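Colleague: Hi, I'm new to this one. Could you walk me through it?

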Amino acid sequence: MAKNHHVIFTKRPGVNGEPAEDNFGYEECDYPCDPQNNEVLLKTLYLSVDPAMRCRLNEETGVTYIGPFQIGDRIGGFGGIGVVVKSACPAFQEGDVVHAGFNWQWAKYFLETPRELFQLGKIDSSLVNGKVSLYLSILSLTSGLTSYLGVKEKGHVIPGANQTMVVSGAAGACGSLAGQIGKLEGCSSVVGTCGSSEKCQFLTKELGFDSAINYKTQDVSSELQRVCPTGVDVYFDNVGGDLSNIIIQQMNADSHVVLCGQIAVYNKDVPYPPPIPEEVQKTLRDKNITRDRYLVLNYPDKFESGMKQLVQWTLQGKLKVRETIAEGLEHAGKAFVSMMKGGNIGKQLVHVGDS
């Protein structure tokens, strides 16, 4: 009998506390029984590590579509890749490499029914030149589809309209894709904000952003005026907080905020979307700027067409990605903590095993 290990939730960081490695425990656990009644036995290859998991560490998540972890629970992430070890489901055979966008357990081996794993599907390695991790970093619900549908449904990009897009958290999983997608959809200029010179270089030299601003070392307001002389038309907001308040103040009339994430306040006890200062609210009202909450799960009818477009751009080499990969399931908690502090460039993944 093979050994098995999983990651459990050991204690809460507190609604105003930063996550720490000791919020997660790595333990040996039972190897699953043989699958029954349409179950599949999966061996994990890669885990997706996402900021949205932060709310599950609190007693209340503040959202309706996911609940909080309970102490002692096995962690369940937003996506994963695995290989079918055994199957009692006719749709999946031993050796199939599969991916899912929701409810992937942080365990080396686990039993699941395909309907409980959001969009469990077989991986076509030819679409990613054999690099199956791209199914989490580009061709995924939490990264690729979130970025693509955010730009398409909330950005209101008009080809030829000379629009400028600003992306915060631009070197992260969603931001790095959203900026590229903005360009592909027709923005004339794309500017990213991030927290290091290395990330700025990544954006401009590798991804084709027109400019990058290091919010830790540069004056964001003056730099925005310099690189966005005609103002900001689309803001893909992954960060929130003071940085977003500065950017919104430089947006044009009838422009649009894509409210994708607010990682700057994920460790604070505030509602989502978090409140913003009165002067920023006045700017939104006076300039008729849209700032609607965005959730990719509200667009299931767009998933198929969105995925086709992402696949096409990936095969054409028009979408580029960087992956930050932690080695070993035992380091999954550490990877999450690092990501929440900006330690990743591109998508944060954990490599658990090989097929």
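Colleague: How much helix and strand does the chain have over residues 8–116?

Modeller: Over that stretch the chain is 0% helix and 34% strand. The end C-alpha atoms of residues 8–116 are 20 Å apart. Keep in mind as we go that this is a predicted model.

Colleague: Thanks! What feature does UniProt place at residues 8–116?

Modeller: The UniProt record, an unreviewed entry, puts "domain: Oxidoreductase N-terminal" there. The record also places "domain: Alcohol dehydrogenase-like C-terminal" at residues 175–265, again from an unreviewed entry.

Colleague: And what is the helix and strand content of residues 175–265?

Modeller: Residues 175–265 are 41% helix and 27% strand, and the end C-alpha atoms of that span lie 17 Å apart.

Colleague: Zooming out, how many helices and strands are there in the protein?

Modeller: The protein has nine helices and 17 strands. Its radius of gyration is 20 Å, close to the 20 Å from the globule rule for 355 residues, so the protein is as compact as a globular protein of that length. Along the principal axes, the C-alpha trace spans about 65 × 45 × 35 Å.

Colleague: What share of the residues count as buried?

Modeller: Of the 355 residues, 56% count as buried. As for the surface, the protein exposes about 15,300 Å², with carbon and sulfur atoms supplying 46% of that.

Colleague: What about contacts between residues at least 6 apart in sequence: what percentage join residues at least 24 apart?

Modeller: That comes to 68% of those contacts.

Colleague: Switching to charges, how many positive and negative side chains are there?

Modeller: There are 33 positive and 39 negative side chains, and the centres of the two sets lie 3 Å apart.

Colleague: Let's look at single residues. Where is asparagine 38?

Modeller: Asparagine 38 sits in the loop between strand 2 (24–29) and strand 3 (40–48). Its phi is positive, about 70°, although asparagine 38 is not a glycine.

Colleague: Which residues is glutamate 112 in contact with, leaving aside neighbours within four places in sequence?

Modeller: Glutamate 112 is in contact with Asn38, Glu39, Val40, Asn103, Gln105 and Leu117. Glutamate 112 and asparagine 38 are 74 residues apart along the chain, yet their C-alpha atoms are separated by 8.6 Å.

Colleague: Is glutamate 112 buried or exposed?

Modeller: Glutamate 112 is buried, with a relative accessible area of 14%. Its place is in strand 8 (residues 109–112).

Colleague: One last stop: where is valine 190 found?

Modeller: Valine 190 is in strand 11 (residues 189–194). Valine 190 is buried, at a relative accessible area of 0%.

Colleague: Which residues does valine 190 touch, not counting those up to four places away in sequence?

Modeller: Valine 190 touches Met165, Val167, Gly179, Lys183, Phe209, Asp210 and Ser211. As for tyrosine 299, its C-alpha is 25 Å from that of valine 190, and the two are 109 residues apart in sequence.

Terms used:
Residues are numbered from 1 along each chain as its sequence is written. This is a predicted model: local features need pLDDT of at least 70, side-chain atom pairs count only at pLDDT 80 or more; totals for chains, interfaces and linings use all residues. Side-chain values use heavy atoms; hydrogens and water are left out. Helices (H or I, at least four residues) and strands (E, at least two) are DSSP runs, numbered from the N terminus. The radius of gyration is taken over C-alpha atoms; the globule rule is 2.2 Å times the number of residues to the power 0.38. Buried means under 20% relative accessible area, exposed over 50%, partly exposed in between (1.4 Å probe, protein chains only). Contact means heavy atoms within 4.5 Å. Accessible areas come from the Shrake-Rupley method with a 1.4 Å probe; for residues, only the protein chains shown count as cover. Lys and Arg count as positive and Asp and Glu as negative; His and the chain ends are not counted. The place of a charge is taken as NZ of Lys, CZ of Arg, CG of Asp or CD of Glu. UniProt positions are given in the numbering used here, feature names are shortened, and annotations may be inferred rather than shown by experiment.
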